[in-house]
Amino acid sequence: MTRLSQSWPRRAQQRAWAGLLGLLAVWLAAPVQAQDGQRVSITGEIADSWCTVSGLMFAKGSAHHQCAVWCALGGIPVAIRDAEGGLYLILRIGDDTDSAANPRIARLMAHEVTVDGELLERDGVRYLLVDKIADDKGVINLTHDEHGIQPFGN
């Protein structure tokens with residue numbers, strides 16, 4: 001019993017050092033931090049990133065609106081897709097503290113908007129910290145006649 005009680009502090013100290021060394025290794029191996037953000041104004045359609053990137057289903061306009069709402073409320077990251085097909089992941093809108101499953105973002109799914117905010121780029125991914133929604137035209141990309149309503153299709 002004496003042996004066990006005497007070795008316990010030593011093992012705890014070894015674990016603490018191992019944890020600190022592990023954190024140091026992660027910090028040293030981390031990629032370069034994101035570059036300073038730049039002020040931008042982006043116009044495009046609000047879309048869920050899963051359907052947009054995966055190509056799993058048609059993911060544009062009124063045909064995809066309901067599916068996009070479900071994805072947004074389910075926690076799938078939301079993005080703005082500009083006219084050239086560029087994708088900007090939205091990390092925050094205004095002073096909202098919720099980024100995933102945010103009802104404010106879900107209400108904007110498939111809307112064409114213009115946003116003002118800060119653009120951050122890291123490892124080839126573009127992120128937006130949206131300060132304000134400068135314009136919201138609503139759902140203008142009427143694709144349901146051609147593609148049916150997703151995810152159910154024709």
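Predicted model: local features only at pLDDT ≥ 70, side-chain atom pairs only at ≥ 80, totals over all residues.
Q: What is the mean pLDDT of the chain, and what share of its residues reach 70 or more?
A: pLDDT is the predictor's confidence in each residue, from 0 to 100. Here the chain has a mean of 79, and 71% of its residues reach 70 or more.

Q: Where in the chain is confidence lowest, and where is it highest?
A: The lowest mean, 54, belongs to helix 1 (residues 2-29), and the highest, 95, to strand 4. Over residues 30-34 the pLDDT stays under 50. For that stretch the model has 6 contacts beyond four places in sequence.

Q: How do strands of a sheet pair?
A: They pair through backbone hydrogen bonds, and the pairing is either parallel or antiparallel. In this model 5 strands close into a barrel, in the order 1-2-3-5-4, with mixed pairing. On average, neighbouring strands of this sheet are turned by 55° against each other, direction ignored.

Q: Which strands pair in the parallel sense over 4 bridges?
A: Strand 3 (residues 87-93) and strand 5 (residues 125-136) do. Within this pair, Ile-90 has Leu-128 in strand 5 as its bridge partner.

Q: In which sense do strand 1 and strand 4 pair, parallel or antiparallel?
A: Strand 1 (residues 38-48) pairs with strand 4 (residues 112-122) in the antiparallel sense, over 8 bridges.

Q: How many bridges join strand 4 to strand 5?
A: There are 10 bridges, and the two strands run antiparallel. Leu-119 stands opposite Leu-128 of strand 5. Strand 4 and strand 5 also form a hairpin, with 2 residues between them. In its turn, Asp-123 has a positive phi of about 50°.

Q: What do strand 2 and strand 3 form, and how many residues lie between them?
A: They form a hairpin with 4 residues between them, and Gly-85 in the turn has a positive phi of about 90°. Strand 2 (residues 78-82) pairs with strand 3 in the antiparallel sense over 3 bridges. One point to check is Ile-80, which stands opposite Tyr-88 in strand 3.

Q: How far apart are Leu-89 and Val-78 in sequence and in space?
A: Two residues can be compared both by their places in the chain and by their positions in the model. Leu-89 and Val-78 are 11 residues apart in sequence, and their C-alpha atoms are 6.0 Å apart in space. Leu-89 lies in strand 3 and stands opposite Tyr-127 in strand 5.

Q: Which residues is Leu-89 in contact with, leaving aside its neighbours within four places in sequence?
A: Among them are Ser-49, Pro-77, Val-78 and Ala-79. The contacts of Leu-89 also include Val-125, Arg-126, Tyr-127 and Leu-128.

Q: What shows where empty space is left?
A: A probe the size of a water molecule is rolled over the atoms, and this shows where empty space is left. The structure holds 1 cavity of 30 Å³ or more. About 30 Å³ of space lies in the largest cavity.

Q: Which residues line the largest cavity?
A: The lining consists of Ile-46, Ile-80, Ile-90, Ile-93, Leu-108, Val-115, Val-130 and Ile-133. By class there are 8 nonpolar residues, no polar ones and no charged ones. Strand 3 and strand 5 each supply at least two residues of this lining.

Conventions
Residues numbered from 1 in each chain as written. Heavy atoms only, no water. Pairing = 2+ DSSP bridges. Axes fitted to C-alpha atoms, helices over the stretch in contact; angles between N-to-C directions. 1 Å grid on protein atoms, 1.4 Å probe; cavity = no way out; pocket = protein on both sides within 12 Å on 5 of 7 lines; lining within 4 Å. Points joined across faces, edges and corners; volume = space filled by probe spheres on them. Nonpolar A, V, L, I, M, F, W, Y, C, P; charged D, E, K, R; others polar. Contact = heavy atoms within 4.5 Å.
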